[in-house]
Amino acid sequence: AEAAYREALIVDDQFYMAKVNLATVCAQQGKTAEAEKLLRELIRDHPGLSELNNSMAMLLAEQGRYEESREYFLKAAELMPGQTRILYNLGLLENTLGNTAKAEEYLLKALNREPGNYDYLYAMATFYLEHGMKDKAMKYARQLANGFPGDQAARQLLEAAGKQ
């Protein structure tokens with residue numbers, strides 16, 4: 001796949017989808033510097049391609065470059081207001097940075113938009129457990145267990161929230 005995308009760019013270096021796909025392949029192969037370079041070029045040349053900011057944010061977060069990642073997540077959230085996964089990722093990022101109020105805000109926004117989403121319910125329950133808020137953790141652990149009755153992780157969260 002990588003060779004085909006490089007070939008396509010030799011033929012037409014403005015074929016932006018080949019660059020997008022090549023950046024994805026490079027990131028998957030651990031060639032983060034090349035993926036970052038390609039994404040920066042794409043963002044510069046095609047600012048209307050809103051998903052690029054999210055891709056850059058994810059790439060930077062995976063490298064531990066959280067502050068820079070936040071800027072791209074915020075831009076992605078602005079360009080794609082309907083994408084709740086961006087809010088969820090922002091919440092996780094803010095929690096990593098120790099910004100608990102912002103983390104809670106973003107995680108709750110994502111969950112409010114998709115109240116039955118497994119990942120968002122799980123994130124809320126674990127967030128509250130991590131921060132010692134047993135009652136709130138229990139609320140989301142129960143919702144998770146009720147929505148996904150056979151799920152082992154949901155049962156474990158219920159148990160953990162009950163022990164605190």
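I take contact to mean heavy atoms within 4.5 Å. With that in hand, I looked up the contacts in the chain between residues at least 6 apart in sequence, and 41% of them join residues at least 24 apart.

**Ground rules.** I am working on a predicted model, where local features need pLDDT of at least 70, side-chain atom pairs count only at pLDDT 80 or more, and totals for chains, interfaces and linings use all residues. I number residues from 1 along each chain as its sequence is written, and side-chain values use heavy atoms, with hydrogens and water left out.

**Overall layout.** I went through the elements next, taking helices (H or I, at least four residues) and strands (E, at least two) as DSSP runs numbered from the N terminus. The chain came out with 10 helices and zero strands. I then laid the C-alpha trace along its principal axes and got a span of about 60 × 30 × 25 Å.

For accessible areas I rely on the Shrake-Rupley method with a 1.4 Å probe; for residues, only the protein chains shown count as cover. The accessible surface of the chain comes to about 8,800 Å², and carbon and sulfur atoms hold 52% of it. I call a residue buried under 20% relative accessible area, exposed over 50%, and partly exposed in between. Of the 164 residues in the chain, 39% are buried.

**The core.** I treat a nonpolar core as a set of buried Ala, Val, Leu, Ile, Met, Phe, Trp, Tyr and Cys residues joined through side-chain atoms within 4.5 Å. The largest one has 47 residues, and Leu39, Met124 and Tyr140 have the most contacts inside it. Helix α8 (residues 118–130) gives the most to this core, with eight residues. A friendly reminder to myself: in soluble globular proteins, nonpolar side chains tend to be buried together. Setting aside residues up to four places away in sequence, I found Met124 touching Leu107, Leu108, Leu111 and Tyr140.

**Helix α4.** Which residues of α4 are buried? I listed Leu52, Asn53, Asn54, Met56, Ala57, Leu59 and Leu60. These buried residues pack against α2 (16–28), α3 (32–45), α5 (66–79) and α6 (84–96). Not counting residues up to four places away in sequence, Asn53 touches Ile43, Tyr72, Lys75, Ala76 and Leu79. I also checked the length, with the expected span being 1.5 Å times one less than the number of residues. The 12 residues of α4 should span 16 Å, and the end C-alpha atoms are 17 Å apart, which agrees. Just after α4, I noted a positive phi of about 80° at Gly64.

**Helix α7.** I repeated the check on α7 (residues 100–113): its 14 residues reach 20 Å from first C-alpha to last, close to the 20 Å expected. Here I found Ala103, Glu104, Tyr106, Leu107, Ala110 and Leu111 buried. Their cover includes α5, α6, α8 and α9 (134–147).

**Two last look-ups.** Where does Leu97 lie? I found Leu97 in the loop between α6 and α7, partly exposed at a relative accessible area of 27%. Leaving aside neighbours within four places in sequence, Leu97 is in contact with Tyr66, Glu67 and Arg70. Met17 sits in helix α2 and is partly exposed, at 36%. From Met17 to Leu157, 140 residues along the chain, I read 42 Å between C-alpha atoms.

Note on methods
Buried means under 20% relative accessible area, exposed over 50%, partly exposed in between (1.4 Å probe, protein chains only).
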